[in-house]
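Me: I have a chain open on my screen and would like to go through it step by step. Could you help me read it?

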Amino acid sequence: MISEQDRLKQKIPGFKFNLGFSGRGFKQGDDEEDEGDMALIKYADKFTWFGHLYDHEQPHKRTYAEIVKSLKKNEEFAKVSA
């Protein structure tokens, strides 16, 4: 991703991938996927990140309070995992 991002920056000045992080899925895949999760953490400063729901819920099926709770849970998880 980083090399592709660098390639795109040559054509689009300042380009950065915009990534969302769902804490519940972190390191829940096979070894290769978990390695990818760790690489994203290692190179987190290379990307732009947006707030995301903890369990990738569908917000249109949740109350405002549930959405806020999930966003906060995800933010706290990200702080601990970084």
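Me: To start, how much of the chain is buried?
Reply: This is a predicted model. Of its 82 residues, 20% count as buried.

Me: And how many helices and strands are there?
Reply: The chain holds three helices and two strands. Read from the N terminus, the order of the elements is α-β-α-β-α.

Me: What box do the C-alpha atoms fill?
Reply: Along the principal axes, the C-alpha atoms fill a box of roughly 45 × 30 × 20 Å.

Me: What share of the contacts joins residues 24 or more positions apart?
Reply: Among contacts with a separation of 6 or more, such pairs account for 53%.

Me: Now the surface. What is its area, and how much belongs to carbon and sulfur atoms?
Reply: The accessible surface is about 6300 Å², and carbon and sulfur atoms make up 53% of that area.

Me: What about the charges?
Reply: There are 14 positive and 15 negative side chains. The centres of these two sets are 7 Å apart.

Me: Let us turn to helix 3. Does its span agree or disagree with what its residues should give?
Reply: It agrees. Helix 3 has 18 residues, which at 1.5 Å a residue should span 26 Å, and the C-alpha atoms at its ends are 26 Å apart.

Me: Which residues in helix 3 are buried?
Reply: Ile67, Ser70 and Asn74 are buried there. These residues lie on the same side of helix 3, because the arc they cover around the axis is only 65 degrees.

Me: Why would residues with such spacing point the same way?
Reply: An α-helix has 3.6 residues a turn, so residues three or four places apart point the same way.

Me: What is exposed on the other side of helix 3?
Reply: The exposed residues on that side are Tyr64, Ala65, Lys69, Lys72, Lys79 and Val80.

Me: Which residues does Leu71 contact, apart from its neighbours within four places in sequence?
Reply: Leu71 is in contact with Gly51, His52 and Leu53. Gly51 is 20 residues from Leu71 in sequence, yet their C-alpha atoms are 6.9 Å apart in space.

Me: Next, Gln5. Is it buried or exposed?
Reply: Gln5 sits in helix 1, residues 2-11. With a relative accessible area of 1%, which is under the 20% limit, Gln5 is buried.

Me: Which residues does Gln5 touch?
Reply: Leaving out residues up to four places away in sequence, Gln5 touches Phe15, Lys16, Phe17, Lys46 and Phe47.

Me: Where is Lys27 found?
Reply: Lys27 is in the loop that runs between strand 1 (18-20) and helix 2 (31-42). Its relative accessible area is 40%, so Lys27 is partly exposed.

Me: And what about His56?
Reply: His56, also a residue other than glycine, has a positive phi near 55 degrees. His56 lies in the loop between strand 2 (48-50) and helix 3.

Me: Is His56 buried or exposed?
Reply: His56 is exposed, because its relative accessible area is 55% and the limit for this label is over 50%.

How values were computed:
Residues numbered from 1 in each chain as written. Predicted model: local features only at pLDDT ≥ 70, side-chain atom pairs only at ≥ 80, totals over all residues. Heavy atoms only, no water. Helix = DSSP H or I, 4+ residues; strand = E, 2+ residues; numbered from the N terminus. Buried < 20%, exposed > 50% of the residue type's maximum accessible area, 1.4 Å probe, protein only. Contact = heavy atoms within 4.5 Å. Areas by Shrake-Rupley, 256 points an atom, 1.4 Å probe, with all protein chains shown as cover. Lys, Arg positive; Asp, Glu negative; His and termini not counted. Charge placed at Lys NZ, Arg CZ, Asp CG, Glu CD. Expected span 1.5 Å × (residues − 1). Arc of directions from axis to C-beta.
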